Amino acid sequence: MNSIDKIELLGMNMEELENFAASLGQPRFRGRQLHRWIYVKDTSSFYEMSDIPREIRQQLDERARVSIPRVLKQRVASDGTRKFLMEMYDKKRVETVLIPQSANLSGRYTLCVSSQVGCPLRCAFCATGQGVFQRNLYTHEIVGQLLGSRRELKRRLKNPEEPLITNVVFMGMGEPLLNYNEVIRAIRILNDPRGIQLGQRHITISTCGEAAAIKRLAEENLQVTLAISLHAASDQLRNELVPINKKYPLQTLMAAVKTYTEKTGRRVTFEYILLDGVNISRKDAENLAKLVKPLLANVNLIPYNEVDGLNYRKPQPQDVTAFYNWLNAAGLNVSVREEHGVDIEAACGQLAVKPN
Ligand code: SF4
């Protein structure tokens, strides 16, 4: 059987793996064994699954596959951030970024995952949006970014049993809410206490404003964190920077966020990229404060990371401070994001893979 025609086991939950085992005429506990090998041990080869009898491993190998994406290339930034270029079964490639949570590089990491190959939304300042949108990622390719990254990390660490990746943010390539079903399935697998064990509160979905999907997300009964990439507080400027605003203008977006906070009781984060001379005036700060203040929300300011070929510029540090102070004085809960991986183009808005 051709590898493409085999059944993909990565991306199946416990029950689905049990059902798969039963479909092979095996007891259901074989499915639980597979679950552990895949999601706890990051194993993609059936021949390494030592508590499964040899003839069953062979049967599995003939019928199924576990496609943890291959790391084709990795670059390490001066601050310890790692950017992985990962290849999927059809040779499509995405970038995934592993960010140390402290200067102690054997400590814990946050993983920034991609949800699409390229992105159709074409935000004006974003490297991903300038490329060609190719396709959505499947659940197994999203979860596989964590397993592939963890496997790479384990190879480098002395005590690989420690929890390594404790936070996942959907802030890589693509708009996660345009790939809604696969992203939600991936979150449920990441969260399973019998497998990867990532707490829902340690998972962040970042959206550019898919208002209809935000309302849908409010009904999922998930405790994940929602981040809204706002970047402008007037429709005129937001239409230019984040073109999905033409479909869901600010009033519609804010109404969806309000529904979300009321339904979930969860505070949302508004991300605001600071672009020199574009969206950092006092008037911009006032508009932003007016928009966000009525909501249960934080504001996270992100000084822009420059991208080759785009005309946007990084703001001066004193302008960042002034913008922060205006929002703070207006009573907003505001922070400035510490940047990671800028020297390897792994920072926010800098991910891009040439189409193949
Ligand atoms: S900022 Fe996000 S949604 Fe916008 S183009 Fe880039 S990847 Fe797509």
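This is a predicted model: local features need pLDDT of at least 70, side-chain atom pairs count only at pLDDT 80 or more; totals for chains, interfaces and linings use all residues.
Helix H3 spans residues 54–63, and its buried residues are Ile56, Arg57 and Leu60. Viewed along the axis of H3, these buried residues fall within an arc of 105°, so they line one face of the helix. On the face turned away from that buried side, H3 carries the exposed residues Arg54 and Glu55. The cover over the buried residues of H3 includes helix H1 (14–23), helix H2 (29–39) and strand E2 (64–65).

Helix H6 covers residues 180–191, twelve residues in all. From its first C-alpha to its last, H6 reaches 17 Å, close to the 16 Å expected at 1.5 Å a residue. The buried residues in H6 are Tyr180, Val183, Ile184, Ala186, Ile187, Ile189 and Leu190. Among the elements that cover them are H2, helix H5 (139–156), strand E9, strand E10 (203–207) and helix H7 (211–218).

Strand E5 (residues 93–100) is joined to E6 by four bridges, and the two run antiparallel. Val97 stands opposite Cys112 of E6. E6 also pairs with strand E9 (residues 165–170), here in the parallel sense and over four bridges. The bridge partner of Thr110 in E9 is Asn167.

**The ligand shell**

Which residues surround the ligand? They are Cys119, Leu121, Arg122, Cys123, Cys126, Thr128, Gly129, Gly174 and Cys208. By class, this shell holds five nonpolar residues, three polar and one charged.

Most residues other than glycine have a negative phi. Arg122, which belongs to the ligand shell, has a positive phi although it is not a glycine. Gln197 also has a positive phi and is a residue other than glycine. The table lists their values and places.

| Residue | Phi | Loop | Relative accessibility |
|---|---|---|---|
| Arg122 | about 55° | between strand E7 (116–117) and helix H4 (127–130) | 44% |

At 44% relative accessibility, Arg122 counts as partly exposed.

Terms used. Residues are numbered from 1 along each chain as its sequence is written. Side-chain values use heavy atoms; hydrogens and water are left out. A residue is near a molecule or strand if one of its heavy atoms lies within 4 Å of it. Ala, Val, Leu, Ile, Met, Phe, Trp, Tyr, Cys and Pro count as nonpolar, Asp, Glu, Lys and Arg as charged, and the others, Gly among them, as polar. Buried means under 20% relative accessible area, exposed over 50%, partly exposed in between (1.4 Å probe, protein chains only). The arc is that of the directions from the helix axis to the C-beta atoms. Contact means heavy atoms within 4.5 Å. Two strands pair if DSSP finds at least two bridges between them. The expected span of a helix is 1.5 Å times one less than its number of residues.
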